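User: I have a model open and want to know what stands behind its labels. Can you take me through them?

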Amino acid sequence: MKRKPLVCACLISALLLPMWGCSSTPTTSEQTEVVVFAAASLESALTQIAQTYEAQHEDVKLTFTFDSSGTLKTQIEEGAVCDLFLSAAQKQMNQLDSQDTTGANTDGLDFVYSDTRIDLLENQVVLAVPPENPGKINSFSDLASGDDLLCIGNDDVPVGAYSLEILDHLGYSLDQLEDQGKVTYASNVSEVARQVQEGVVDAGMVYATDASTYGLNVVDAATPEMCQQVIYPAAAMKSGGADSYDAAEDFLTYLYTNEEAISVWKDVGFTLIAQGEN
């Protein structure tokens, strides 16, 4: 008989255990997943911003894929789930937007919630060299002399397209550079930056933000006459989940209205274009 209170206590504990086990932190199954496709040059900043956002929004889980805008555009077109797309150029967003007026959407694709589309950020194309600058390169004009090896993005990558504009403006023949073995290509801007950082090449054309992230020396920068503005459009996508649209739109708004997010963009070197309440 003396053991009955212990039994009762155990029964009470068992009944209360579910309540004691409750937590204010949502479980994974209760979280809304937002799938974000973003240009490789956004990885450093977005990773920082996402940590703060998720800490403030415990019911949201952000899942990122970083790659060239061209690769991401193709994945979306081929059926990949994507709630939010941040491109490093207008072209790839235009190709997916049924409201495009530039003629880029030749296939009549309709993946973009056009009313959510904004021009989010601006960047700049620069000529970067390794910290030691073994090729003694000081400007774009130095690329014409010597045997220095230049790395640029493929032509289907925004930074590659901008690089080709710059070379054309300077009067450089890409065919001649290739024949001389003075140019090599990369699949995205991060790969260009890594090749410069590791000294695989003597110089590379990257964004100013990537030069900062990878600790590269910037020896020259493209002027407005050399290539078009480097604008990053962003929009919620119709290829996302029906339950994640509101969260995706909220995160997009957060990117240009939250003071901490704005600070990250500026610290990395982006110019914020989108205007919010702050």
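User: What is the average pLDDT of the protein?

Analyst: The average is 90, and 89% of the residues score at least 70. pLDDT is the predictor's confidence in each residue, from 0 to 100. Residues 1-27 stay under 50. Where pLDDT is low, the predicted coordinates should not be read in detail.

User: Why is the pair of Lys73 and Glu77 called a salt bridge?

Analyst: The rule asks for a side-chain nitrogen of Lys or Arg within 4 Å of a carboxyl oxygen of Asp or Glu. The closest N and O atoms of Lys73 and Glu77 are 2.8 Å apart, so the pair qualifies. Both residues sit in helix α3 (residues 69-77), four residues apart, so about one helical turn separates them. Helices here are DSSP runs (H or I, at least four residues), and strands are E runs of at least two, numbered from the N terminus.

User: What makes Lys73 buried or exposed?

Analyst: Buried means under 20% relative accessible area, exposed over 50%, and partly exposed in between (1.4 Å probe, protein chains only). Lys73 has 12%, so it is buried. Glu77 has 30%, so it is partly exposed.

User: Which residue pairs with Lys238 in a salt bridge?

Analyst: Asp110 does, with the closest N and O atoms 2.8 Å apart. This pair links distant parts of the chain, 128 residues apart. Lys238 lies in the loop between β10 (230-236) and α9 (245-257). Asp110 lies in the loop between α4 and β4. Lys238, at 37%, is partly exposed, and Asp110, at 39%, is too.

User: How many aromatic pairs are there, and why is Phe64 with Phe66 called stacked?

Analyst: The count is 10 aromatic pairs. Rings of Phe, Tyr and Trp (its six-membered ring) pair if their centres lie within 6.5 Å; planes under 30 degrees apart count as stacked, over 60 as edge-to-face and the rest as tilted. Phe64 and Phe66 have centres 5.3 Å apart and planes at 10°, so they are stacked.

User: Where do Phe251 and Tyr254 lie?

Analyst: Both are in helix α9, three residues apart.

Key. Residues numbered from 1 in each chain as written. Predicted model: local features only at pLDDT ≥ 70, side-chain atom pairs only at ≥ 80, totals over all residues. Heavy atoms only, no water. Contact = heavy atoms within 4.5 Å.
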